[in-house]
Amino acid sequence: MAQKGPLPGFRDFYPEDLARRAAIFRAWRAVARRYAFVEYDGPPLEPLELYTAKSGDEIVGQLYNFEDKGGRAVSLRPEMTPTFARMVAARANALPKPVRWFSVPQLFRYERAQRGRLREHFQLNVDIVGEPSELADAELLCVAIDIMRELGLGPNDVRARVSDRRLLNALLGAIGVTEAQLGTAYGVLDKIERQPHDVSREKLAEAGLAPAQIERVMALPDISTLDDLERDFGQVETAKPAIAQFGRYLAHLHALGVEAWVDVDLAIVRGLAYYTGTVFELFDAKGELRAICGGGRYDNLLGQLGGVELPALGFGMGDVVLGELLKAHRLFDDDAVDGPDFWVVSTEHCAPASVLRAAASLRRMGYAAEYVLNEEKLRSQKSSAQIKAAERAGAVWLMVLRDDTRVEVRPLSRAPGGEARDGAEVLLHDLMEPERGLAVLAEAGVPAPRED
RNA sequence: GUGGCUGUAGCUCAAUUGGUUAGAGCACCAGACUGUGGCUCUGGGGGUUGCGGGUUCAAUUCCCGUCAGUCACCCCA
């Protein structure tokens, strides 16, 4: 069926698909800029070592890697963070802190494709470097949530689940979980919703936890408020600083006006080797899709990857799951593919050359202009047929050539104010010079061409 | 990489217990008509039923393989 399609896990973007992607990108960039982040980019192809150095060779199985013609081991980038770390590290001393950068890279991985998980996707990366304060953590999550808002989603559609590695470590320590048992405990919490509780208990028991400890670990996901934390662990001296810190984080989120979106969820784990502090994920409220977005604080990573000790935090938000969610909520514009601003219509009283002159003048002014691209039809096709084509192409205005000197500018259904308005007659001669042409069209009710 | 499910036109689907030239709607193209507008009408193109093999007088239908999609596992930086 799809034998001639793209490679497995890759996508063709037809105009309507690209329009949707562009809508997502627009929201990403608009919100990131609103929070004063600046955009950067790096190479889509990197040395393989950039990814194997810290993660080990086993991740090669997930990489889209190969040997180039120069014999170099290279890989398409599976994530942006190593590139980001390298770039920041190279100018670490010169960059004013905190660094607030974002990027929209296309990322690649060699895995079997599943729903919401392809071999290629675009992912917004937003990172802050050089700021240890919880204010930065709150700011970061707020960006992610504001993007949801920007796209038309609300707290009933999307939930932000937040946790903190430092907090969870303290709580597990209070329960008596040892350093060696930490990994198992994390794994169980991560899978608590997808795995039968009996299996979870069994795993914890195998790791050497006592029955009472197991029940306390299993109960951690029930904690959903700061009050719960205080009640269960407020008296534990070693947990107090982490609870207080987490409390400040939540308070900042409240002050930023996003508390309605946020759920405390200690079962949010994310990459073990990566995060050191706050972690969060955004999910659709129904819980039907994969995570829309995930991120957190990774204070050690720049030291590991770039050799500079700087606190850092960031998140990634992919276009695939987000696109599915927007589609499910019908938040994509139905005719997002831009039609021409003008469709120039010939009549029996005009020469085809006049149509071309009119279109050329519109294009000089900066408008998108189209007409029947067939000389025979330009000479003889009825204007009604051309108008039909104009509507179908998504045109906004008609320019009907009454004859070789006079044109009628008429709104189509997409024009501001709809199709109720009458057309205005304009002299073709007045359109030849762009500045005068724009003034004449403005008088006829046509807005200036879009800047982008 | 492992296992389950699925595979008919661009899309959504149909085709009696295996039985003639595999159909429909939408979309697309052409024309007519609407004396300037998404309507309506007529006609047309488009499928070696994912591909390959097997069973059978006969396969879209049954069996095997393969490719692709999908779900779960693994993994999620």
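Chain A has a radius of gyration of 29 Å, whereas a compact globule of 452 residues would have one near 22 Å; the radius is taken over C-alpha atoms, and the globule rule is 2.2 Å times the number of residues to the power 0.38. This is a predicted model, in which local features need pLDDT of at least 70, side-chain atom pairs count only at pLDDT 80 or more, and totals for chains, interfaces and linings use all residues. Side-chain values use heavy atoms, with hydrogens and water left out, residues are numbered from 1 along each chain as its sequence is written, and chains are lettered from A and ligands numbered from 1 in the order in which they are written.

**Overall architecture**

- The C-alpha trace of chain A spans about 95 × 55 × 50 Å along its principal axes.
- Chain A contains 16 helices and 17 strands; these are DSSP runs (helices H or I, at least four residues; strands E, at least two), numbered from the N terminus.
- Among contacts in chain A with a separation of 6 or more, 66% join residues 24 or more positions apart, contact meaning heavy atoms within 4.5 Å.

**Surface and charge**

- Of the 452 residues of chain A, 48% count as buried; buried means under 20% relative accessible area, exposed over 50%, and partly exposed in between (1.4 Å probe, protein chains only).
- Chain A exposes about 22500 Å², of which carbon and sulfur atoms supply 50%; the areas come from the Shrake-Rupley method with a 1.4 Å probe.
- The 55 positive and 68 negative charges of chain A have mean positions 4 Å apart. Lys and Arg count as positive and Asp and Glu as negative, without His and the chain ends, and the charges are placed at NZ of Lys, CZ of Arg, CG of Asp or CD of Glu.

**Nonpolar cores**

- The largest nonpolar core has 78 residues, and Leu 282, Phe 315 and Met 317 have the most contacts inside it. Helix H4 (residues 134-150) gives the most to this core, with ten residues.
- A nonpolar core is a set of buried Ala, Val, Leu, Ile, Met, Phe, Trp, Tyr and Cys residues joined through side-chain atoms within 4.5 Å.
- Beyond residues up to four places away in sequence, Phe 315 touches several residues, including Leu 140, Val 143, Ala 144 and Ile 147; Phe 280 and Cys 293 are also among them.
- Another core, of 34 residues, lies apart from the largest one and includes Val 372, Leu 398, Ala 415 and Ala 444.

**Arg 115 and Glu 324**

- Arg 115 is found in the loop between strand E6 (106-108) and strand E7 (120-129), and it counts as exposed because its relative accessibility is 57%.
- Glu 324 is placed in helix H12 (residues 319-328). The C-alpha atoms of Glu 324 and Arg 115 are separated by 9.3 Å, although the two residues are 209 residues apart along the chain.

**Local backbone features and other exposed sites**

- A cis peptide bond, with omega about -5°, joins Lys 97 and Pro 98; Pro 98 is found in the loop between helix H3 (81-90) and strand E5 (99-103).
- Ala 36, a residue other than glycine, has a positive phi near 65°. Ala 36 lies in the loop between helix H1 (15-34) and strand E1 (38-39) and is exposed, with a relative accessible area of 51%.
- Pro 211 is in helix H8 (residues 211-219) and is exposed, with a relative accessible area of 64%.
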